[in-house]
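Subject: Model for your review

Dear colleague,

I am passing on the structure below, together with notes on what was found in it. Please read the notes with the model open beside them.

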Amino acid sequence: DNIYINRDMKSYATELSPLDIVRILYSLPFDVLSGDFFRGKIEDHYDKQGCDFLLTVTGMHTDYDGNVRFNEKVTEIDKFRNADSNFVYNPTHGFILGDIMEAIGNEVGSIDTIARRVRDKIINAANVAQDRHCGGCYHIYVVAHSQGTMAMKRALSIIPTNVKKHIEFWG
């Protein structure tokens, strides 16, 4: 089966600091007010059998189709053409009010739902690399735009060090 949803998260120990835990906890009101807390996750699909993985994360004012188009455009770049490609769905909520709440939460340093989903998808890619016996030779490329860049920056603090070294990030 080529679909993975947060499987085997325990195989990567996370060095969560007490500050990270506080930042996750105080993100909850922003997650609820932005609507991100209530959105379902998008399943990851891995069908290329290689050791390169691409994750895209969009910014505000992007609907589902916009997330898909952004991901498809990025996969047209030669560097990413052979990578297994997935995206974090970062939708607009409540006629921009939800996006404003998300932005405020990010500005005060919270590690919100979108950042945690970025982390989950990166861990999923690392698990697939492990299953494929990629060893230390796998790459996780993350291409983010606008608020997606902030989500990735927030996610970096909760991604295990042994996985971080495989990430190349553009945002």
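Does Asp 31 count as buried or exposed, and what is its relative accessibility? Asp 31 counts as buried because its relative accessibility is 1%, where buried means under 20% relative accessible area, exposed means over 50% and partly exposed lies in between, computed with a 1.4 Å probe on protein chains only.

Before the details, two remarks on the basis of these notes. This is a predicted model, in which local features need pLDDT of at least 70 and side-chain atom pairs count only at pLDDT 80 or more, while totals for chains, interfaces and linings use all residues. Residues are numbered from 1 along each chain as its sequence is written, and side-chain values use heavy atoms, with hydrogens and water left out.

The chain as a whole

The protein chain holds seven helices and six strands, and these are DSSP runs numbered from the N terminus (helices H or I with at least four residues, strands E with at least two). Along the sequence their pattern reads β-α-α-β-β-α-β-α-α-β-α-α-β. A compact globule of 171 residues would have a radius of gyration near 16 Å, and the 15 Å of the protein chain agrees with that; the radius is taken over C-alpha atoms, and the globule rule is 2.2 Å times the number of residues to the power 0.38. The C-alpha trace spans about 40 × 35 × 25 Å along its principal axes, and buried residues make up 49% of the 171 residues. Of the contacts (heavy atoms within 4.5 Å) in the protein chain with a separation of 6 or more, 84% are accounted for by residues 24 or more positions apart.

The sheet

Four strands form an open sheet in the order β4-β3-β5-β6, with parallel pairing, where two strands pair if DSSP finds at least two bridges between them. Because β4 (84–88) and β6 (167–170) stand at the edges with a single partner strand each, one side of each is left without a neighbour in the sheet. From one strand to the next the twist averages 20°; axes here are lines fitted to C-alpha atoms, for helices over the stretch in contact, and angles run from 0 to 180 degrees between N-to-C directions.

Strand β3 (residues 52–57) is joined to β4 by five bridges and pairs with β5 over six bridges, also in the parallel sense. Thr 56 has a bridge partner on each of these strands, namely Phe 87 in β4 and Val 143 in β5, while Leu 55 has Asn 86 as its bridge partner in β4. Five of the six residues of β3 are buried, so that the strand is mostly covered.

Glu 168 is found in β6 and counts as partly exposed, at 28% relative accessibility. Not counting residues up to four places away in sequence, Glu 168 touches Lys 79, His 139, Ile 140, Tyr 141 and Val 142.

The twelve residues of α3 reach 17 Å from the first C-alpha to the last, close to the 16 Å expected at 1.5 Å a residue, that is, 1.5 Å times one less than the number of residues. Gly 66, Asn 67, Asn 71 and Val 74 are buried in α3. They lie on the same side of α3, because they cover an arc of only 135° around the axis, the arc being that of the directions from the helix axis to the C-beta atoms. Arg 69 and Lys 73, on the other side of α3, are exposed, and what covers the buried residues includes β3, β4 and β5.

Helix α6 (residues 147–156) lies across β3, β5 and β6, and runs at about 150° to β6.

In helix α1 (residues 18–25), the buried residues are Asp 20, Arg 23 and Ile 24. These fall within an arc of 100° seen down the axis, so they line one face of α1, and their cover includes α2, α5 (113–131) and α6. The face turned away from that side carries the exposed residues Pro 18, Leu 19 and Leu 25.

Asp 31, with which these notes began, has its place in helix α2 (residues 28–34). Leaving aside neighbours within four places in sequence, Asp 31 is in contact with Asp 36, Phe 37, Asp 112, Thr 113 and Arg 116.

With best regards
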